[in-house]
Amino acid sequence: MKIGAGGWVEEAVKRMEVEEEASLGIIGSGKTTLANEICKDNQVRSYFNERILFLTVSQSPDIQQLRARIWGFLTGNEAMGYTNNLFIPHGKLQCEWGSGPQTLVVLDDVWSLPILEQLIFRIPTYKTLVVSRFRFSTTVVHEVYKVELLSEDESLSLFCHSAFGQTSIPPTANESLVKQVIN
């Protein structure tokens with residue numbers, strides 16, 4: 001299947017197979033919502049002294065812009081702009097700063113390990129929360145938390161609480177429509 005220069009179709013198929021095998025999360029299971037709520041938590045905000053950066057990576061990211069935003073945030077040079085790449089270290093950065101403020105960077109919707117590796121800076125006071133539907137190597141991501149889907153009863157209770165202020169379907173609601181939304 002050597003179609004195109006360098007067998008790009010074959011490579012794309014292999015990449016998709018690997019990504020399917022490594023699939024961890026289901027689309028719409030609440031991973032991004034959970035990460036947003038973590039960032040809003042008072043204890044988390046206090047621990048990181050309000051130094052939290054939330055970035056959406058997506059399937060085809062501008063790596064240089066994301067690296068520039070992260071580096072600017074880490075160094076406090078955000079005002080210098082994100083297009084000036086002169087001051088951003090190339091490759092995988094590891095350093096022993098340790099004296100800077102605790103910082104959290106959330107990388108949402110990460111699609112591949114090579115992209116993730118370019119966005120992680122190994123600095124002791126810097127933590128990265130990666131949100132992805134794929135499982136990454138523990139050499140890059142130290143801990144993995146799998147988001148489980150809610151059961152039908154849990155979904156019903158949560159939806160009714162949000163929509164109606166109670167844990168069950170009220171008599172005035174369309175039960176069929178509520179169950180469609182839950183599914």
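Biologist: In what order do the elements of the protein chain run from the N terminus on?

Modeller: Keep in mind that this is a predicted model. The protein chain has seven helices and three strands. Read from the N terminus on, their order is α-α-α-β-α-β-α-β-α-α.

Biologist: And what share of the residues counts as buried?

Modeller: Let's take contacts along the way. Among those with a separation of 6 or more, 55% link residues 24 or more positions apart. As for burial, the protein chain has 183 residues, and the buried share is 31%.

Biologist: Which handedness does the β-α-β unit of S2, H5 and S3 have?

Modeller: Start with the strands: S2 and S3 run parallel, joined by six bridges. Helix H5, residues 113–119, belongs to the unit together with S2 and S3, and the unit is right-handed.

Biologist: Now helix H2. Are its buried residues on the same side or on opposite sides?

Modeller: The buried residues of H2, which spans 31–40, are Lys 31, Ala 35 and Cys 39. Around the axis they cover an arc of only 80 degrees, so they sit on the same side of H2.

Biologist: Which exposed residues does the face turned away from that buried side carry?

Modeller: First, the covered part: what lies over the buried residues of H2 includes helix H3 (42–47) and strands S1 (52–58), S2 (103–110) and S3 (126–131). The face of H2 turned away from its buried side carries the exposed residues Thr 33 and Lys 40.

Biologist: On to the rings. Why is the pair of Phe 159 and Phe 164 classed as it is?

Modeller: The structure holds five aromatic pairs. In the pair of Phe 159 and Phe 164, the ring centres are 6.0 Å apart and the planes stand at 90 degrees. Planes over 60 degrees apart count as edge-to-face, so this pair is edge-to-face.

Biologist: Are those two buried, partly exposed or exposed?

Modeller: Phe 159 has a relative accessible area of 26%, and Phe 164 has 33%. The in-between class runs from 20% to 50%, so Phe 159 and Phe 164 are both partly exposed.

Technical notes
Residues are numbered from 1 along each chain as its sequence is written. This is a predicted model: local features need pLDDT of at least 70, side-chain atom pairs count only at pLDDT 80 or more; totals for chains, interfaces and linings use all residues. Side-chain values use heavy atoms; hydrogens and water are left out. Rings of Phe, Tyr and Trp (its six-membered ring) pair if their centres lie within 6.5 Å; planes under 30 degrees apart count as stacked, over 60 as edge-to-face and the rest as tilted. Buried means under 20% relative accessible area, exposed over 50%, partly exposed in between (1.4 Å probe, protein chains only). Helices (H or I, at least four residues) and strands (E, at least two) are DSSP runs, numbered from the N terminus. The arc is that of the directions from the helix axis to the C-beta atoms. Contact means heavy atoms within 4.5 Å. Two strands pair if DSSP finds at least two bridges between them. A crossover is right-handed if, with the strands pointing away from the viewer, the path from the first strand over the helix to the second runs clockwise.
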